[in-house]
Amino acid sequence: MADLKNIVLVVLASCLLAIEIAIGEEDMLLINYHIHITNDLPLLSPANDVPTLYLHCKSKDDDIGLKAMRVWDDYTWIFKVNVLRTTLFSCNARWTKGKQRHFDAFVASRDEERCQKYHNSCMWSVRSDGIYFSNNNSTWTNTYPW
Ligand SMILES: *[C@@H]1O[C@H](CO)[C@@H](O)[C@H](O)[C@H]1NC(C)=O
Ligand SMILES: *[C@@H]1O[C@H](CO)[C@@H](O)[C@H](O)[C@H]1NC(C)=O
């Protein structure tokens, strides 16, 4: 009985693998994606106070936790896209001027390809007028204005 169960499991696993190979995207599931979120907020006048950015990111399975970020801190995590390609990390960002924004740091359907260009990284920069995206660490787009 146990043997039969094992055989069924092996056959099922082989089928899944065959399907993945057939659609020719199996290699993507092996990629370790890196998310970088940097606090690029300006210093607050008049005392040049360092603004604290509160960031909380999570997916269905992983809660990265609430982080208090100083200026230029880089909040990074690494993960693989799930087999169903439903991986989604959403974040809440809040800083001292009472600004708050929800944004999606990684959506498999949107980011799986574009974030392979530069060290498999999706890069976000939190600035005074919004949350900017880059996939090559050189051109930045204000994707989520405050
Ligand atoms: C992006 O470029 C900056 C400035 O050169 C560098 O400090 C940073 O490490 C780079 N980010 C990544 C994710 O490589
Ligand atoms: C970075 O990406 C942007 C937008 O895709 C592109 O216009 C720009 O040429 C790229 N820069 C470099 C240095 O690859």
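Here are some friendly notes on the salt bridges, a ligand site and a sheet in this predicted model.

1. Ground rules. This is a predicted model, where local features need pLDDT of at least 70 and side-chain atom pairs count only at pLDDT 80 or more, while totals for chains, interfaces and linings use all residues. Residues are numbered from 1 along each chain as its sequence is written, chains are lettered from A and ligands numbered from 1 in the order in which they are written, and side-chain values use heavy atoms, with hydrogens and water left out.

2. The structure has three salt bridges (a side-chain nitrogen of Lys or Arg within 4 Å of a carboxyl oxygen of Asp or Glu). In one of them, Arg-85 and Glu-112 meet through their side chains at 3.0 Å, N to O. This pair links distant parts of the chain, 27 residues apart: Arg-85 sits in the loop between β4 (74–79) and β5 (88–95), and Glu-112 in the loop between α2 (108–111) and β7 (121–127). Helices (H or I, at least four residues) and strands (E, at least two) are DSSP runs, numbered from the N terminus. Glu-112 is buried, at 6% relative accessible area (buried is under 20%, exposed over 50%, partly exposed in between, with a 1.4 Å probe and protein chains only).

3. Asp-111 forms a salt bridge with Arg-110 at 2.9 Å, N to O, and another with Arg-114 at 2.7 Å, N to O. These shared partners join Arg-110, Asp-111 and Arg-114 into one network. Asp-111 is buried at 0% relative accessibility, whereas Arg-110 is partly exposed at 29% and Arg-114 is partly exposed at 24%.

4. Ligand 2. Do have a look at Asn-136, Ser-138 and Thr-139, which surround ligand 2 (a residue counts as near if one of its heavy atoms lies within 4 Å). A polar side-chain atom of Asn-136 is 2.2 Å from an oxygen atom of the ligand. For Ser-138, a side-chain N or O atom lies 3.4 Å from a nitrogen atom of ligand 2 (polar contacts are pairs of N or O atoms within 3.5 Å).

5. The sheet. Five strands make an open sheet with mixed pairing, in the order β4-β1-β7-β8-β9 (two strands pair if DSSP finds at least two bridges between them). Its edge strands, β4 and β9 (141–145), each pair on one side only. Within the sheet, β7 and β8 (residues 130–134) run antiparallel and are joined by five bridges. Val-126 has Ile-131 in β8 as its bridge partner.

Key:
Polar contact = N/O pair within 3.5 Å; in protein donor to acceptor, adjacent residues only side chain to side chain.
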